[in-house]
Amino acid sequence: MTDPADTAAVIFDELIDEITHAASHTDRNVQTRIGPSGMGVECTRWLLHMLAESIEAEGEVKWQAAVGTMMHTALEKIMNESVSQTRKDGPRWLTEREITVGQVVGIGDITGHFDLLELDTGTVIDWKTVSKSHPDKMQRDARLGRGPGG
């Protein structure tokens, strides 16, 4: 007879393998071409490699990024199915669309995605996941007159 604890451990390992495989094969995780967020990197060597598309895609799963991707997928579904999407004058939200943010000579278009665009005001929303302590730090920084990352 198989020990239930052994069975649970095997199933758990298989679940982690499935999730890890899926998370390591997202578009973002296998991206080698520079995108808008990469343009602000301060490491000149890394930036040159990205522009030359000579950096290998990351194989290691970054769990916080994987959770963020899953959150984006869920929020996209929620917003696309929201009541305000069925207004008579058209949808209120555009979700997860590719946009061209600029061009680099010899490289071409630099494209990225926005998370959510509210069409009535043109407001762009950038979904973020944060650690438990991050909101506290943001409030503390705001009280001290420091902006994000300050």
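Buried residues, meaning those under 20% relative accessible area, make up 18% of the 150 residues in the protein. On this scale, exposed stands for over 50% and partly exposed for values in between, with a 1.4 Å probe and protein chains only. The structure is a predicted model, in which local features need pLDDT of at least 70 and side-chain atom pairs count only at pLDDT 80 or more, while totals for chains, interfaces and linings use all residues. Residues are numbered from 1 along each chain as its sequence is written, and side-chain values use heavy atoms, with hydrogens and water left out.

**Confidence and architecture**

The pLDDT, the predictor's confidence in each residue from 0 to 100, averages 79 over the protein, and 79% of the residues score at least 70. Confidence is highest in strand β3 (residues 123-125), at a mean of 91, and lowest in helix α2 (residues 44-51), at 72. The protein has 4 helices and 3 strands, in the order α-α-α-β-β-β-α from the N terminus. These elements are DSSP runs numbered from the N terminus: helices are H or I of at least four residues, and strands are E of at least two.

**Surface patches**

Patches are made of residues with over 30% relative accessible area and no salt bridge; like charges are joined within 9 Å, and nonpolar side chains (Val, Leu, Ile, Met, Phe, Trp, Tyr) within 5 Å. A salt bridge here is a side-chain nitrogen of Lys or Arg within 4 Å of a carboxyl oxygen of Asp or Glu. Accessible areas come from the Shrake-Rupley method with a 1.4 Å probe.

I11, F12, L15, I16, I19, W63 and M70 form a nonpolar surface patch of about 650 Å². Helices α1 and α3 each supply at least two of its residues, and α1 gives the most, with 5 residues. A patch of negative charge on the surface gathers D13, E14, D17 and E18; Asp and Glu count as negative, whereas Lys and Arg count as positive, and His and the chain ends are not counted. The place of a charge is taken as CG of Asp or CD of Glu.

**Individual residues**

| Residue | Relative accessibility | Class |
|---|---|---|
| E14 | 46% | partly exposed |
| I19 | 36% | partly exposed |
| A66 | 9% | buried |

E14 is placed in helix α1 (residues 4-24), and I19 also lies in helix α1. A66 belongs to helix α3 (residues 63-80). A66 counts as buried because its relative accessibility is 9%. Although A66 and I19 are 47 residues apart along the chain, their C-alpha atoms are separated by 9.2 Å.
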